[in-house]
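Please look over the structure shown below before reading on.

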Amino acid sequence: MTRIELVRAPNPGPLTGPGTNSYLIESEGEAIVLDPGPVIDEHLAAIRVALTGLTPVGVAVTHTHPDHAPSANGLGVELDVPVFGFADGPGFMPTDRLEDGSPIGFGVTELVAVHTPGHTADHLCFRLGEYLFTGDHIVGGSTVIVEDAAAYMSSLEKVAGLDPAHLYPGHGPDLPDARRVIDEYIAHRVEREQQVLGAVRNGAGTVDDIVDVVYAGLDPALRMAAVFQVHTQLTKLKNEGWVVLDAGGAQGTTSVRLVERA
Ligand SMILES: [Zn+2]
């Protein structure tokens, strides 16, 4: 019998939703802590409480962003267990490196790493039978920020191919209707790309112009994230031969024009 316990970190914000979801995953009295989050004393205390009576066997992280990984190494030392991750990052260094398909055995089951680059190059999801822990690849109640739009789309298709039944994301509520959520994420990426290309066709000449059209009415706190997203989407379109980009001083002032097609 596998048991999953959510311990939510008290770090809510525009980019973290209600806070980072740390998970305690248990099988037969052995437990793995996934994404222990930032170093926040009360959160680490809550994780210790959740571990009461269990034997911790590892700490794992989905990726090295500051809301997911920084407490992992300290917790690994404190619990005297290995720390699993794909690569080094700010404030994080795995003791055991995972590749796509690497298993972490515990109890009578195993957590299997699924490399899902896109949100970050080092991002892992973790499969546990029909469950998938999705980190920031797919989150509850929102879309995510993507560093590499082409890789991200491939990783969404990869996760769709696993056909999980239930998703446990890095932020927001868990998602029992996995298939529908993954399909919506794929449709959203396709739609965003068409919106960005459409804005260029309609005369938007810079990243800032496109953000004004595609993200009309956006919370100013999310403006920088939107600029980054449009720039990422344009980089994919550039690599596919749809547009030409001329870098400005900042991402927002990067100019864009359509490639003339015969
Ligand atoms: Zn992240």
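The paragraphs below go from the domains to the sheet and then to a helix pair.

This is a predicted model: local features need pLDDT of at least 70, side-chain atom pairs count only at pLDDT 80 or more, and totals for chains, interfaces and linings use all residues. Residues are numbered from 1 along each chain as its sequence is written.

The domain assignment, automatic or from a database, gives domain 1 (2-176) and domain 2 (196-258). Their centres, taken over C-alpha atoms, are 31 Å apart. In contact (C-beta atoms, placed from the backbone, within 7 Å) are 8 residues of domain 1 and 11 residues of domain 2.

Helices (H or I, at least four residues) and strands (E, at least two) are DSSP runs, numbered from the N terminus. Six strands form an open sheet with mixed pairing, in the order β1-β2-β3-β4-β5-β6; strands pair if DSSP finds at least two bridges between them. At the edges are β1 (2-8) and β6 (96-97), each pairing on one side only. Strands β2 (residues 21-27) and β3 (residues 30-34) are antiparallel over 5 bridges, and I25 has I32 in β3 as its bridge partner.

Helix α5 (residues 207-214) packs against helix α6 (residues 223-239) at about 110 degrees, with axes 9 Å apart. Axes are lines fitted to C-alpha atoms, for helices over the stretch in contact, and angles run from 0 to 180 degrees between N-to-C directions. The angle therefore makes α5 roughly perpendicular to α6, a term for 65 to 115 degrees. V207, D208, I210, V211 and V214 in α5 meet A226, V227, V230, H231 and L234 in α6.

Note on methods. Contact = placed C-beta atoms within 7 Å. Parallel < 35°, antiparallel > 145°, perpendicular 65-115°, else oblique.
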